[in-house]
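Colleague: Can we go through this one together? I would like to start with what the accessibility words stand for.

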Amino acid sequence: MPVLAAAQPAKKDLAVSEFAPSTIVRELKVAAAFLLPAFLALLTLMYGNEWLGRIFHSTITLQSPGVYVFQLGGASLKWYGLFILIGFFVASFAFTRSARWWGLTADDALGFALWALVCGGIGARLYYVAICFPHFAQHPERILSTWLGGLTIHGCMLGTIFAAWVYGKFKGKSFFSLGDMIVTSLPLAQGIWRLGNFFNSEAYGMPLSQEALVKLFVAPPYRPVYFAQNSYFHPAFLYELLWDLLLFAVFYFVLAKKLRTFPGVLSAVFILSYSAGRLVIEWLRVDGIAYSGIVVPIVVTESCLLFGTALLLLLIKRYAKPISTDGATT
């Protein structure tokens, strides 16, 4: 009967309402199968560094060979700047190859990548200036002196979010889809950028003894005053580099193709998983900017962890709702 037929939900409605959440959850379980063991291994390396060194009677000492690639007259090139460029080009290559999964041409993807680089760089600097405002208020001439250091990954992420919003408005693309495209390749760039921290003798953690399995030797000029007598420290940059590269492998090769049809889910999972790794690393670091005893990077990372979790749950709930044939949520 026509009346009964009209009362039946469309096939598309059934597919979305019944299978979308199960598809997302299934892929999240796949991601967890890779990420959880790696996360536990990272925790073991970080907090069992001394213990592992004594068990295996072995140690690996890392030491920066210097800040500069070359210095010639008034011209110079820092390793930090070089790795920023390398990270951008390598991640852009991966980005342009994955863009086709979202129906974006290689030219459009490269244009978006350049726009994201500019906005991400500005965001990385403005965020650092904001959290170090008392210093820059006294020395405003240093605000643009990025060669002296002061670029933050959280600021870069905010800048790329802004880039996705503006580019999406201009090109008529989904903001969440553009965000998913970014996070598929962003961890690769972040991992490479952390190598710049190694050459700068920065982004390290609490002191270690000579018996630690993996330790970073920090030259006296780069040590905090309160650890001036310590020579070896946790290589926090290495911990995050490993976590970033793992995230890239999981997102790029495992999750992207399956979850690209659920805009925003990849972004939420990235915010959640990156923040979880970053948080346990931040607890070890000694160079976090603090106000009144509150370490800003830890608070920001905790906030991102909660936001990523809430966003993921909201998106799963949203995709559980039936979608009508014209694409609108019923």
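Modeller: Buried means under 20% relative accessible area, exposed means over 50%, and partly exposed is in between. Keep in mind that this is a predicted model.

Colleague: Fine. Is His 57 buried or exposed?

Modeller: His 57 has 72% relative accessibility, which is over 50%, so it counts as exposed.

Colleague: Where does His 57 sit?

Modeller: His 57 is in the loop that runs between helix H3 (49-56) and strand E1 (60-63). Its phi is positive, near 50°, and it is not a glycine.

Colleague: New topic, helices. At what angle do H7 and H10 pack?

Modeller: Helix H7 (residues 153-171) and helix H10 (residues 265-282) pack at about 170°, and their axes are 13 Å apart. Angles over 145 degrees count as roughly antiparallel, so H7 is roughly antiparallel to H10.

Colleague: Which residues make that contact?

Modeller: From H7 they are Ile 153, His 154 and Met 157, and from H10 they are Phe 270, Tyr 274 and Arg 278. By type, the residues of this contact of H7 with H10 are four nonpolar, one polar and one charged.

Colleague: Now the strands. In what order do they come in the sheet?

Modeller: The order is E1-E5-E6-E4, in an open sheet of four strands with mixed pairing.

Colleague: Which are the edge strands?

Modeller: E1 and E4, each of which pairs on one side only.

Colleague: In what sense do E4 and E6 pair?

Modeller: E4 pairs with strand E6 (residues 232-233) in the antiparallel sense, over two bridges. Pro 207 has Phe 233 of E6 as its bridge partner.

Colleague: On to charges. How many salt bridges are there?

Modeller: The count is nine salt bridges. The general idea is that side chains of opposite charge can pair when their charged atoms come close.

Colleague: Which residue does Glu 50 form a salt bridge with?

Modeller: Glu 50 forms one with Arg 54, and their closest N and O atoms are 3.9 Å apart. The cut-off is 4 Å, so this pair is counted. Glu 50 and Arg 54 both lie in helix H3, four residues apart, which is about one turn of the helix.

Colleague: How accessible are Glu 50 and Arg 54?

Modeller: Glu 50 is partly exposed, at 21%. Arg 54 is partly exposed too, at 45%.

Colleague: And what does Arg 285 pair with?

Modeller: Arg 285 forms a salt bridge with Glu 282, where the closest N and O atoms are 3.6 Å apart. Arg 285 also meets Asp 287 in a salt bridge, at 2.9 Å from N to O.

Colleague: Which residues are linked in the network?

Modeller: Arg 194, Glu 240, Arg 278, Glu 282, Arg 285 and Asp 287 are linked in a network of salt bridges. Arg 278 also came up as one of the H10 residues in the contact with H7.

Key: Residues numbered from 1 in each chain as written. Predicted model: local features only at pLDDT ≥ 70, side-chain atom pairs only at ≥ 80, totals over all residues. Heavy atoms only, no water. Buried < 20%, exposed > 50% of the residue type's maximum accessible area, 1.4 Å probe, protein only. Axes fitted to C-alpha atoms, helices over the stretch in contact; angles between N-to-C directions. Parallel < 35°, antiparallel > 145°, perpendicular 65-115°, else oblique. Contact = heavy atoms within 4.5 Å. Nonpolar A, V, L, I, M, F, W, Y, C, P; charged D, E, K, R; others polar. Pairing = 2+ DSSP bridges. Salt bridge = Lys/Arg side-chain N within 4 Å of Asp/Glu carboxyl O.
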